[in-house]
Amino acid sequence: QLKACLFDLDGVVVDTAQFHYAAWKSLANQLGFDLTPEQNEQLKGVSRMESLDIILEIGNVKLDEGTKQRMAAEKNQHYLELCQQMTPEDVLPGVRDFMDQLVAASIKIGLGSASKNARLILAHINMLDRFATIVDGTRITKGKPDPETFLLGAQDLGVEPTDCVVFEDAVAGIQAAKNGGMVAVGVGDPAVLAGSNLVITGFEDLSLATIQYLFE
Ligand code: G16
Ligand code: MG
């Protein structure tokens, strides 16, 4: 029975995925190679340092630990600069309406993000108080596809993982939800998000009944 919805942040609630991509791409370019949208899929939902490791592998570049820390910090600074322009209008279409349906049905709402910037982003879009719990990159020890992020969220909300739906735009996130025994709804391209219980292109016109149907 559906009791809680756990939302990923980047690429689900707000389109910060494009800013992450832009910042990583410019770092790759600086190192002398390109980062394609396909390659970028591997970075979604993955922590900052792990993302950097994947990028360095793609470019076949080896860096010492100090340089890696500096590059990651530079990427984050660039990312935060891009995020500065964000306002409540940047919340993805239909997200607020869908959450209103959840509130009306007494279904709990939580956030499960790998990002250490999650609270900052939520403040920009004025959504800090929409989530009964916020699990972000500062709280977890094992990133997606490990289920820790979402299991913590379910625990905070006092619900069983099997009573939760996870909304995710990342392959690693869908795997994390499945690994935690939750229903996984992919937000994006069905070809990329194989393994989801359902894939939606966005929240516009998504009715709660469609999600509840997944529990029958
Ligand atoms: C996100 C993004 C990832 C990013 C990660 C860490 O998580 O999808 O691309 O690398 O957070 O972000 P930060 O560098 O801000 O700590 P999610 O789980 O919200 O999609
Ligand atoms: Mg995401």
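**Labels and their cut-offs**

Tutor: Start with a helix pair. Helix α3 (residues 48-59) packs against helix α4 (residues 65-83) at an angle of about 110°, and their axes lie 10 Å apart. Helices here are DSSP runs of H or I with at least four residues, strands are E runs of at least two, and both are numbered from the N terminus. Axes are lines fitted to C-alpha atoms, for helices over the stretch in contact, and angles run from 0 to 180 degrees between N-to-C directions.

Student: Why is α3 called roughly perpendicular to α4?

Tutor: Angles of 65 to 115 degrees count as roughly perpendicular, under 35 as roughly parallel, over 145 as roughly antiparallel and the rest as oblique. The angle is about 110°, so α3 is roughly perpendicular to α4.

Student: Which residues meet between α3 and α4?

Tutor: R48, M49 and L52 in α3 meet K68, M71, A72 and N76 in α4. Contact means C-beta atoms, placed from the backbone, within 7 Å. The contact residues divide into four nonpolar, one polar and two charged. Nonpolar covers Ala, Val, Leu, Ile, Met, Phe, Trp, Tyr, Cys and Pro; charged covers Asp, Glu, Lys and Arg; the others, Gly among them, are polar.

Tutor: A note on the source. This is a predicted model: local features need pLDDT of at least 70, side-chain atom pairs count only at pLDDT 80 or more, and totals for chains, interfaces and linings use all residues. Residues are numbered from 1 along each chain as its sequence is written, while chains are lettered from A and ligands numbered from 1 in the order in which they are written.

Student: What makes β3 and β6 edge strands?

Tutor: The open sheet has six strands in the order β3-β2-β1-β4-β5-β6, with parallel pairing. Strands pair if DSSP finds at least two bridges between them. β3 (133-135) and β6 (198-200) each have a single partner strand, so one side of each has no neighbour in the sheet. The twist averages 25° from one strand to the next.

Student: How do you know that β1 pairs with β2?

Tutor: β1 and β2 (residues 108-112) share four bridges, in the parallel sense. F7 stands opposite L111 in β2. β1 and β4 also pair in the parallel sense over four bridges. There, V166 in β4 is the bridge partner of L6.

Student: Why is D8 called buried?

Tutor: Buried takes 20 or more other C-beta atoms within 10 Å of the residue's own, exposed 12 or fewer, and partly exposed is in between; C-beta atoms are placed from the backbone. D8 has 30, so D8 is buried. D10 has 23 and therefore also counts as buried. D8 lies in the loop between β1 (4-7) and α1 (17-30), and D10 is in the loop between β1 and α1.

Student: What makes the "binding site" positions one spot?

Tutor: UniProt, in an unreviewed entry, places "binding site" at D8, D10, E168 and D169. These positions use the numbering here, feature names are shortened, and annotations may be inferred rather than shown by experiment. The positions span 162 residues in sequence, yet no two of their C-alpha atoms are more than 8.8 Å apart, so they gather at one spot. Leaving aside neighbours within four places in sequence, the contacts of D8 include E168 and D169.

Student: Which residues of α8 are buried?

Tutor: In α8 (residues 171-179), they are V171, A172, G173, I174, A176 and A177. Their cover includes α2 (37-41), α7, β4 and β5 (183-187).

Technical notes: Contact = placed C-beta atoms within 7 Å.
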